[in-house]
Amino acid sequence: MFFERAQGGDRAVLVHIDFPEGDDREDAAEFVELVNSAGADPVTLITGKRTVRHPKLFVGSGKADEIKAAVKEFDADVVLFNHSLSPSQERNLERLVECRVLDRTGLILDIFAQRARTHEGKLQVELAQLQYQATRLVRGWTHLERQKGGIGLRGPGETQLETDRRLLRERINSILRRLSKVERTRDQGRRARQRSDTPTVAIVGYTNAGKSTLFNALTSSDVYAADQMFATLDPTLRKLKVGDMGDVVLADTVGFIRHLPHKLVEAFKATLQETAEADLLLHVIDCAAAERDANIEQVNEVLSELAVDETPTLLVFNKADLLGKQPQIDYDAQGKPEAVWVSALEGTGFDLLRDAIIAWLGDEMFTGEIAVPPQWSALRAQLFEVDAVKHEHYDEAGNACLDISLQKKDFQRMLNRCGIAPDAYLAPRPKEFFER
């Protein structure tokens, strides 16, 4: 990447402005957590109230002078705003306070740049950073924005700013081409899972809700999990055995946050596609968070932007131990599980979570007793091989009466392999049909 990025450890002056309820409103506590996750050293938090943004400085001139004084007092390296700033507001503030100014979007991008581990993740972060920097290039090249006229002073026909913009466009196009290859590879993997009819369950939720901790506990994995925002960027897929249903693919995804930059959502489209293609979403919620309801609403907004808000969703209230709440399942009016209370750290409530997943995905399960005549012994052997038989006894006609439970699609494949018409068992028939 040919643009500068904060290296972490910078002394930072934080600025948070309270706006009336609306799009500009942010959470100060979450902002401090973001700054700590970025590795910066916050030296002071400057707060204020406004009804509208100042067009030139975002804050009023008095508050801007207060920020400038704080920068000098604490010898700060950067001023971080808990809001989105326009490029001109950033430049005006930098000229006034005489140090680097970074808004909320730039801060989140910096955290993403630190967390990306895979080649794909790094490409996605670089793409988002380049798109973010595209409107801010003038900052470093204002002295070359215009070429002088006159003998000996005429330029080569393209200013340095124009050259840099062209290089940036070329780099963006190059990354987009490489990401399209990654997306095609992911599509092949998804198609393979669809051909095998393996359900996909995607874990989504607000950042630092405990998604990766839950993922590790369920799948015995070692995905990086930490008490920090955006600990997970790169998606991880693992198989999870869910009772009689057999295996499902569990996907751990990047966490969401309020006002998640749109460019990030676009850049991580290939990653978030795992969410879009999922059969069930596990919306993990930090039930002890003060902003719990607001966080749920923010996640739903991002899911709506990804056009997956119609996908079946099971709420998973994590960290139930912090509220002293025992693991349980909450049901809706139709008797369908709508929420499960668990503690990923304590490892409690996982059996209930598996039961709830089965309730959502188990509509395709075949459960009941079948009678297998002696000439169909190959079917009986295959059912035992996949551990689908719960109980067996024989009737007077010599048929093996098997109490089985497995997915309908798996049962249908077995019948096809044994040369048995699927209607023999999958179509509604009285038990006497098998005792002829």
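Strands (E, at least two residues) and helices (H or I, at least four) are DSSP runs, numbered from the N terminus, and two strands pair if DSSP finds at least two bridges between them.

A note on what I'm looking at: this is a predicted model, where local features need pLDDT of at least 70, side-chain atom pairs count only at pLDDT 80 or more, and totals for chains, interfaces and linings use all residues. Residues are numbered from 1 along each chain as its sequence is written, and side-chain values use heavy atoms, with hydrogens and water left out.

**Mixed sheet**

S6 and strand S7 (residues 246-252) run antiparallel to each other and share 7 bridges. They belong to an open sheet of 7 strands, in the order S6-S7-S5-S8-S9-S11-S10, with mixed pairing. Which strands are at the edges? Strand S6 (236-242) and strand S10 (328-331) are, and each pairs on one side only. Neighbouring strands here are turned by 25° against each other on average, direction ignored.

**Proline 337**

Next I clicked on proline 337, which is in strand S11 (residues 337-341). Buried or exposed? Proline 337 is buried, with a relative accessible area of 4%; the cut-offs are under 20% for buried, over 50% for exposed, and partly exposed in between (1.4 Å probe, protein chains only). I listed its contacts (heavy atoms within 4.5 Å). Leaving out residues up to four places away in sequence, proline 337 touches Leu314, Ile329, Asp330, Tyr331, Ala356, Ala359 and Trp360. Leucine 314 is 23 residues away along the chain, yet the two C-alpha atoms are 7.3 Å apart.

Strand S1 (residues 11-18) and strand S3 (residues 78-81) pair in the parallel sense over 4 bridges, and valine 15 has phenylalanine 81 in S3 as its bridge partner.

How many residues of H4 are buried? I got 11 of the 12, so H4 is largely enclosed by the rest of the structure. The buried ones include Leu107, Ile108 and Phe112.

In helix H3 (residues 87-97), the buried residues are Gln89, Glu90, Asn92, Leu93, Glu94 and Val97. Glutamate 98 follows H3 and has a positive phi, near 60°.

**Cysteines and a record**

I searched the whole structure for disulfides (cysteine sulfur atoms within 2.5 Å) and found 0. Cysteine 401 counts as buried at 2% relative accessibility, while cysteine 418 is partly exposed at 22%.

Last stop: an unreviewed UniProt entry annotates Ser212 and Thr232 as "binding site". Serine 212 is in helix H8 (residues 211-219) and is buried, with a relative accessible area of 8%.

Conventions: UniProt positions renumbered as here; feature names shortened; annotations may be inferred. Axes fitted to C-alpha atoms, helices over the stretch in contact; angles between N-to-C directions.
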